[in-house]
Amino acid sequence: MPEFVAISIFTERYFDHAVELLKALKKIGSEVKVFMSGDGVKNVKHQRFKELLDAAGAENVYICEASYGRYVKENMEKLKEGKSPVEGIPYRNWVTQAKNAEFLKDADKYVVF
């Protein structure tokens with residue numbers, strides 16, 4: 001069974017490092033999931049965000065709905081329609097801090113940026 005590594009991104013400062021770590025982990029066969037919260041949700045506008053989505057698989061990237069509503073705010077009305085405010089992120093991946101708690105409980109390794 002592959003090692004499960006959770007990456008939580010709470011800042012804009014190290015997004016390039018998060019993308020590179022994710023790619024390296026996937027290359028060695030790790031299962032990787034990403035949770036973005038706090039200032040980290042601003043990375044949906046980063047030029048490498050699509051690269052993160054492609055490397056992780058969109059189904060493995062989760063966004064804190066409350067943080068997005070606070071820091072980005074764009075297209076929030078789509079959530080009421082059952083749609084994602086950010087292209088590429090599935091609607092079901094708009095979550096709460098409970099997802100972060102799951103990561104803490106289930107991950108073999110937990111990395112925070």
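Asn 43 touches Ile 9, Thr 11, Glu 12, Phe 15, Met 36 and Phe 49, with residues up to four places away in sequence left out of the count. This is a predicted model.

**Asn 43**
- Asn 43 sits in the loop that links β2 and α2.
- Its relative accessible area is 2%, under the 20% limit, and Asn 43 is therefore classed as buried.
- A polar atom of the Asn 43 side chain lies 3.0 Å from the backbone oxygen of Thr 11.

**Strand β3 and its pairing**
- Strand β3 spans residues 61–64 and is covered on both faces.
- Val 61 and Ile 63 are buried on one side, and Tyr 62 and Cys 64 are buried on the other.
- In a regular strand, side chains alternate between the two faces of the sheet.
- β3 runs parallel to strand β2 (residues 31–36), and three bridges join the two.
- Within this pairing, Tyr 62 of β3 has Phe 35 opposite it.
- β3 also runs parallel to strand β4 (residues 94–95), to which it is joined by two bridges.
- Here Trp 94 of β4 is the bridge partner of Ile 63.
- A right-handed β-α-β unit is made by β2, helix α2 (residues 49–56) and β3.

**Nonpolar cores**
- The largest nonpolar core has 26 residues, and those with the most contacts inside it are Ile 7, Met 36, Phe 49, Leu 52, Val 61 and Ile 89.
- At least two residues of this core come from each of β1 (4–9), α1 (15–27), β2, α2 and β3.
- Helix α1 gives the most to this core, with five residues.
- Beyond its neighbours within four places in sequence, Val 61 is in contact with Val 34, Met 36, Leu 52, Leu 53, Ala 56, Ile 89 and Asn 93.

**Lys 105**
- Lys 105 belongs to helix α5 (residues 97–106).
- Its relative accessible area of 64% is over the 50% limit, so Lys 105 counts as exposed.
- The side chains of Lys 105 and Asp 106 are joined by a polar contact of 2.6 Å.

Definitions and conventions: Residues are numbered from 1 along each chain as its sequence is written. This is a predicted model: local features need pLDDT of at least 70, side-chain atom pairs count only at pLDDT 80 or more; totals for chains, interfaces and linings use all residues. Side-chain values use heavy atoms; hydrogens and water are left out. Buried means under 20% relative accessible area, exposed over 50%, partly exposed in between (1.4 Å probe, protein chains only). Helices (H or I, at least four residues) and strands (E, at least two) are DSSP runs, numbered from the N terminus. Two strands pair if DSSP finds at least two bridges between them. A crossover is right-handed if, with the strands pointing away from the viewer, the path from the first strand over the helix to the second runs clockwise. A polar contact is a pair of N or O atoms within 3.5 Å; within protein, one must be able to donate a hydrogen and the other to accept it, and residues adjacent in sequence count only if both atoms are side-chain atoms. A nonpolar core is a set of buried Ala, Val, Leu, Ile, Met, Phe, Trp, Tyr and Cys residues joined through side-chain atoms within 4.5 Å. Contact means heavy atoms within 4.5 Å.
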